[in-house]
Amino acid sequence: MKYSKHDAKAYAKENMRGIWAAALNPFKEDLSFDDAGLRSNIRHWIDDLDIQGLFIAGKQGEFFSMTLEERKRNFEIAVDECDGKAGTIMSVSDQNLETVLELAQHAQDCGADYIVVHAPVLSFVHDRGEVLYQYYKAICDKVDIGIAMWSHPDSGYLMQPEECARIAELPNIVAIKYSVPRDMYVRLTEMVGDRIHVSTASEEEWLDNVEQLGWKLYLCSSPPYQLQTRFDKRMNDYTKLAFEGRFAEARKVRDSLDPVRDAMKLSRPADKPQAFGKYWLELLGQVGGRVRRPMLELSDAEKSAVKTAFEGCGLKL
């Protein structure tokens, strides 16, 4: 641990900054975990793309299809490869609290910087505030590591800003990945933005949120390594310009990426997000690999459409 439990907020406000990407996990042809492939990708993301932090074993990484031991190994590989050159936040999300706590302790023990915990599915619960507070408090009570909340429609509901603000008072809550409509995350930023990082996964909203809300953390999805190459780091470029207050210049650079965004949107099958992401990585020269059930692979026709879109998107390779 690089900080004490009660210093977690201050440490994260100072050190949890910049662009953090959610890692895809490569699986081999036999669907085993590709350790070497992940290590290669991480080195590229940090050394060539200058990504400041990695979100490990999240939904992009198909944690739901991985064993407990694979998830722990996933943490260890990321800590080993990042080795102080980039931050790590480990998704310990699970519907079973004992699994969450076991993974949280492992993340703390192996040297992760932070953990992230998805809001649980709450079947038949209509008044969620106290349930959510006690859930996050139970985790905070058991570990010292900094914790990010994570609210997304996948839970079947959205955590309300007032609920998040109450949870943010817990000592080692340091951030939230808040995948909600803009008015909700603006409200939460106004309530707790001086104490914890508020962020959302939309890259297209990132610059506006730096300029209008003073955000310092992009937490996080796959665009940082899908929109960029070692020769074309426009997301990094416009982020640096924004952090320097040069917003007009930053907008020009951001908008120049629209052809890449459009290529991805138009060629991504609605039911195959991870398979699309992995094939796009392969076109970029990274390690993609297969997906595990319940996710589906791209068809040959879909791969052809993605490749055509990729070749015309204007990224410099």
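Predicted model: local features only at pLDDT ≥ 70, side-chain atom pairs only at ≥ 80, totals over all residues.
Residues are numbered from 1 along each chain as its sequence is written, and side-chain values use heavy atoms, with hydrogens and water left out.

Let's begin with the sheet. Helices (H or I, at least four residues) and strands (E, at least two) are DSSP runs, numbered from the N terminus. Two strands pair if DSSP finds at least two bridges between them. Here, eight strands make an open sheet with parallel pairing, and the order is β7-β6-β5-β4-β3-β2-β1-β8. At the edges stand β7 (197-199) and β8 (217-219), each with a single partner strand, so one side of each has no neighbour in the sheet. From one strand to the next, the twist averages 20°. For angles, axes are lines fitted to C-alpha atoms, for helices over the stretch in contact, and the values run from 0 to 180 degrees between N-to-C directions.

Now please look at β3, residues 87-91. It pairs with β4 (residues 114-118) in the parallel sense over three bridges, and there Ser-91 has Val-116 as its bridge partner. How many residues of β3 are buried? Five of the five are, so the strand is largely enclosed by the rest of the structure. Buried means under 20% relative accessible area, exposed means over 50%, and partly exposed is in between (1.4 Å probe, protein chains only). Both faces are covered, with Gly-87, Ile-89 and Ser-91 on one side and Thr-88 and Met-90 on the other.

On to the helices. Helix α4 (residues 97-110) packs against helix α5 (residues 129-142) at an angle of about 35°, and their axes are 10 Å apart. Which residues meet in α4 and α5? From α4 come Leu-97, Val-100, Leu-101 and Gln-105, and from α5 come Tyr-135, Ala-138, Ile-139 and Lys-142. Contact here means heavy atoms within 4.5 Å. Thr-99 also sits in α4 and is buried, at 18% relative accessible area. Beyond its neighbours within four places in sequence, Thr-99 touches Leu-68, Arg-71 and Asp-94.

Next, the cysteines. A disulfide is a pair of cysteine sulfur atoms within 2.5 Å, and by this rule the count is zero. The sulfur of Cys-82 has its closest cysteine sulfur in Cys-110, 11 Å away, which is too far for a bond. Cys-82 is buried, at 1% relative accessible area. Cys-220 is buried too, at 0%, and lies in the loop between β8 and α9 (223-226).

Cys-220 brings us to the backbone, where a cis peptide bond joins Leu-219 and Cys-220, with omega about -10°. Another cis peptide bond joins Arg-293 and Pro-294, with omega about 15°. Finally, Asp-83 is not a glycine, yet its phi is positive, about 45°. Is Asp-83 buried or exposed? At 58% relative accessibility, Asp-83 counts as exposed, and its place is the loop between α3 and β3.
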